[in-house]
Amino acid sequence: SKRLLTKATDLAKHVIDIKLQKGMTAVDATIGNGNDTLELAKRVGSNGKVYGFDIQKVAIDSSKELLEKNNLLDRVELICDSHERISEYINDKIDLAIFNLGYLPSGDHSIITKPNTTLKGIESVLYSLKENGILIVVVYYGHSGGKEEKIAVEKYLNKLDQRKFTVMKMDFINQINNPPFIFCIEKI
Ligand code: SAM
């Protein structure tokens, strides 16, 4: 049988697999190379909707190409703006959203997600989540600036009212070199 607990991005995919159904609305708050956007687009089907955000045009362009190649662009809206302004673009309630923090591995490593904008984006998504909606945050903190962001996000999520949100952390506690981990938040 296959290993389940390999890396954070795989854990995120397991959660997406369980949650996301045809017709649902999903958000990729950090498109990057579009790998997550592609997975979301496959699962919501032609009646579903995926909104993707990235501040880098190169991320939007390469993801557009990837989605076109897979015939999935029809249900996806790619937005070249910061995820802190999500609410200016989305009126629908959200079933599932994902943030992949850090830098684009194939791109400019100096362009990273930042605590302030990340928190605004997360707050905005949490507000727009449907009942039982899910937010996944994949946290990378090995790079410079990553630790500050990890601390800020954890501090913010720590304080969410447990009557309104269930917050879970899935971390690899016996691995070296700061492996990425995930926060999973479910709106009650
Ligand atoms: N999920 C992606 C993939 O599968 O390739 C990797 C995402 S990468 C770790 C993080 C991305 O967040 C970068 O492409 C970066 O441009 C983007 N980003 C940084 N700050 C942002 C912001 N404020 N709003 C939206 N995207 C942002």
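Predicted model: local features only at pLDDT ≥ 70, side-chain atom pairs only at ≥ 80, totals over all residues.
## Surface and overall build

Residues are numbered from 1 along each chain as its sequence is written, and side-chain values use heavy atoms, leaving out hydrogens and water.

How does the radius of gyration fit a compact globule? With 188 residues, such a globule would be near 16 Å, and the chain has 15 Å, which agrees. (That radius is taken over C-alpha atoms, and the globule rule is 2.2 Å times the number of residues to the power 0.38.) The C-alpha trace spans about 45 × 40 × 40 Å along its principal axes.

## How the chain is put together

You'll find five helices and seven strands in the chain, in the order α-β-α-β-α-β-β-α-β-α-β-β. Both kinds are DSSP runs numbered from the N terminus: helices are H or I with at least four residues, strands are E with at least two.

Of the contacts with a separation of 6 or more, 73% join residues 24 or more positions apart; contact means heavy atoms within 4.5 Å. As for burial, 49% of the 188 residues count as buried. Buried means under 20% relative accessible area, exposed means over 50%, and partly exposed is in between (1.4 Å probe, protein chains only).

## Ser 63, tucked away

Ser 63 sits in helix H3, residues 57-69. Is Ser 63 buried or exposed? Ser 63 counts as buried because its relative accessible area is 0%. Leaving aside residues up to four places away in sequence, Ser 63 touches Ile 31, Gly 32, Asn 33, Gly 34 and Leu 78.

A polar atom of the Ser 63 side chain lies 2.7 Å from the backbone oxygen of Ala 59.

## Lys 93, in a loop

Lys 93 belongs to the loop between strand S3 (76-79) and strand S4 (94-100). With 43% relative accessibility, Lys 93 is partly exposed. Among the residues it touches, not counting those up to four places away in sequence, are Thr 25 and Leu 129.

Which backbone oxygen does the side chain of Lys 93 reach? That of Tyr 127, at 3.5 Å.

Methods: Polar contact = N/O pair within 3.5 Å; in protein donor to acceptor, adjacent residues only side chain to side chain.
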